[in-house]
Structure formats: C-alpha cells, structure tokens
Amino acid sequence: MYKVKVQSVCACFKKSGFPEIGEYDTEEEAKKEADSMLYKMNNNFCHKHEFRVQEKFGDFTIFMQMRS
C-alpha cells in the first residue's frame, strides 16, 4: 500500500472533505492523488498557506507553510 498523508491541516483543509491519510494500491495512483490534492489546495484554498509534497519510499506527504 502507498499512502498520501497531510502533515498539518488548516481550516480550509478541514472544510475540503479531503482525507488526512489515503491509501492506494500503486505508487502511480498515490502520486496522481497527491498531485491533484496539491493543485486544488494551492489554487482553491484561502491562500494563507502554501502546500508542497514530498515523496519518500513511495509514500507522499503534503506539508503546509505560511505564504510570505
């Protein structure tokens, strides 16, 4: 199983309905979901935060940081 995890969640994330942890059968599916979530989070949320994804051993973690 491959995972997509969100490290820190903000109010926008909580309202989004996205899962904090998702499990996928293939690394390709996990990457596709992580990229899709990242795009939506960076473009549709309130823009107080910026989101980045990091891959490690086939798992993908989305990190949040304050926009400067």
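Helices (H or I, at least four residues) and strands (E, at least two) are taken here as DSSP runs, numbered from the N terminus. The model is a predicted one, so local features need pLDDT of at least 70 and side-chain atom pairs count only at pLDDT 80 or more, while totals for chains, interfaces and linings use all residues. Residues are numbered from 1 along each chain as its sequence is written, and side-chain values use heavy atoms, with hydrogens and water left out.

The sheet comes first. Four strands make up an open sheet, ordered β2-β1-β4-β3, with mixed pairing; two strands count as paired if DSSP finds at least two bridges between them. β2 (21-24) and β3 (49-56) sit at the edges with a single partner strand each, so one side of each has no neighbour in the sheet. On average, neighbouring strands are turned by 15° against each other, direction ignored. β3 and β4 run antiparallel and are joined by eight bridges; Q54, for one, has T61 in β4 as its bridge partner. Helix α2 lies across β1, β2, β3 and β4, and runs at about 170° to β3. For these angles, axes are lines fitted to C-alpha atoms (for helices, over the stretch in contact), and values run from 0 to 180 degrees between N-to-C directions.

Now for the inside. A nonpolar core is a set of buried Ala, Val, Leu, Ile, Met, Phe, Trp, Tyr and Cys residues joined through side-chain atoms within 4.5 Å. Buried means under 20% relative accessible area, exposed over 50%, and partly exposed in between (1.4 Å probe, protein chains only). The largest such core has 15 residues, and V4, F13, M37, M41, F45, F51 and I62 have the most contacts inside it. Two or more residues each come from β1 (2-6), α1 (11-16), α2 (27-44) and β4 (59-66), with α2 giving the largest share, five residues. Leaving out residues up to four places away in sequence, F45 touches C10, C12, F13, S16, F18, K40 and F51, a contact being heavy atoms within 4.5 Å.

N42 also belongs to helix α2 and is buried, at 19% relative accessible area. A polar atom of the N42 side chain lies 2.8 Å from the backbone nitrogen of F51.

As for the cysteines, a disulfide requires a pair of sulfur atoms within 2.5 Å, and the count comes to zero. The sulfur of C10 is 4.8 Å from its closest cysteine sulfur, in C12, which is too far for a bond. C12 is in no disulfide either, with the nearest cysteine sulfur, that of C46, 3.6 Å away.

Key. Polar contact = N/O pair within 3.5 Å; in protein donor to acceptor, adjacent residues only side chain to side chain.
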